[in-house]
Amino acid sequence: DTWRYAFEEALDEVQGKYAQKFKEEVEANSDHEVQLFPYGTLGESVDTMEQAQAGILQFVDQSPGFTGALIPEAQVFFVPYLLPQDGEQLNEFFRTSKAINEMFPKLYADQGLELLTMFPEGEVCMTTQEPVKTPEDLNEVKFRVMTNPLLVESYKAFGATPTPLPWGEVYGAMQTGIIQGQENPGFYLESTKMYEVTEVITCIGHNNFTTAVMANKDFYDGLSDQDKKVVENASDAAFEYILEYQSGLQEKSLENIAAAKPDMQINILSEEERQPFKDKAASVEATFIEMTGDSGKEILEQFKADLEAVK
Ligand code: 6CS
């Protein structure tokens, strides 16, 4: 039989690389086939999530950036400056976190989803038309964010005017001036040619893009123990593969952008320059707890304990 798996990116982008590895592992170790549906073939992220919940898709990759309405606690990934900058620490956090590996699976299960893995996709940087050296530079900037209420609050806190949009509208909206900024990890800024429609990249170290891969829960529960093991092993192998694949990718992507557009300004802000952004964003954690109550608070506390453990 054939298992259908949709993701939010192209085949040669990070989610696509993960999906290809997952497919390879499943097919090498079972009689099942995995059919991959890259971004755009089945609609936007909200559409593929609906299809996965309905069981039309067996697997879906949806980043928490779009899961906020469904699972408010998943917005914890958008508390600014929570995740570590250090790559090894970050990877170890995703590997060992109890919040991710024990608490989130229950919340996804309530939505009919079997959470298989979460992994980081790289440091998020802003692309804008004008340089961003201080939060004041974001005043009046209409800034596209994923459709995630807490991310809206973060950019409000930074001083921008956040505009939630699905990915498909971003390039055009930037080109026509409906928005003047957006954020994404380096590889995605390169592959989607965001540098063609913006002039400045600014990295302030506020976040790392996280994504989640899950299965339809009824489908998963109906698998034999052996097939469950196949899925679990394929997820584990693809997880380690994708961390390895991304080593050095952020730097390389920014270099490639500089080569493709020599007059693109690329500003990695210093610790000192980041401080005012950190100060502005400090209130977002409280907003997260307001939005998610005790359940969110518990996740946040476990998250922090897990981060402490990998330091
Ligand atoms: O910004 C977005 O909407 C997209 N960014 C990435 C890195 N992956 C998929 C997502 O749709």
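Predicted model: local features only at pLDDT ≥ 70, side-chain atom pairs only at ≥ 80, totals over all residues.
Started with helix α1 (residues 14-29) against helix α10 (residues 225-245): they pack at about 140°, and their axes are 8 Å apart. That angle makes α1 oblique to α10. I also looked up the handedness, and α1 passes α10 in a right-handed crossing.

From α1 I get Val-14, Lys-17, Tyr-18, Lys-21, Phe-22, Glu-25, Val-26 and Asn-29. They meet Val-230, Asn-233, Ala-234, Ser-235, Ala-237, Ala-238, Tyr-241, Ile-242 and Tyr-245 of α10. Sorted by class, the contact of α1 with α10 holds 11 nonpolar, 3 polar and 3 charged residues.

While on α10, I checked Gln-226, which sits in that helix. Buried or exposed? Gln-226 is exposed, because I find 9 other C-beta atoms within 10 Å, and 12 or fewer counts as exposed. I then looked at Gln-226 against Asp-1: they are 225 residues apart along the chain, and their C-alpha atoms are separated by 15 Å.

On the α6 side the contact uses Pro-149, Leu-150, Glu-153, Ser-154 and Ala-157. On the α13 side I have Val-284, Thr-287, Phe-288 and Met-291. By class, the contact of α6 with α13 comes out as 6 nonpolar, 2 polar and 1 charged.

**Ligand shell**

Which residues surround the ligand? I wrote down Glu-8, Glu-9, Ser-45, Ser-63, Glu-121, Met-146, Trp-167, Asn-184, Pro-185, Tyr-188 and Phe-209. By class the shell around the ligand splits into 5 nonpolar, 3 polar and 3 charged residues.

**Glu-114**

I picked Glu-114 in strand β4 (residues 113-128). Glu-114 counts as buried, because it has 20 C-beta neighbours inside 10 Å and the cut-off is 20 or more. Beyond its neighbours within four places in sequence, Glu-114 is in contact with Ala-109, Met-214, Ala-215, Lys-217 and Tyr-220. I looked up Val-213 as well: Glu-114 and Val-213 are 99 residues apart in sequence, and C-alpha to C-alpha they are 8.7 Å apart in space.

**Positive phi**

Glu-140 is not a glycine, yet has a positive phi of about 70°. I find Glu-140 in the loop between β4 and β5 (142-145). With 10 C-beta neighbours inside 10 Å, Glu-140 counts as exposed.

Phi of Lys-193 is near 55°, a positive value in a residue other than glycine. Where is Lys-193 found? The spot is the loop between α8 (186-191) and β8 (200-203).

Methods:
Residues numbered from 1 in each chain as written. Axes fitted to C-alpha atoms, helices over the stretch in contact; angles between N-to-C directions. Helix = DSSP H or I, 4+ residues; strand = E, 2+ residues; numbered from the N terminus. Parallel < 35°, antiparallel > 145°, perpendicular 65-115°, else oblique. Left-handed = near helix turned anticlockwise from the far one by under 90°. Contact = placed C-beta atoms within 7 Å. Nonpolar A, V, L, I, M, F, W, Y, C, P; charged D, E, K, R; others polar. Near = placed C-beta within 6 Å.
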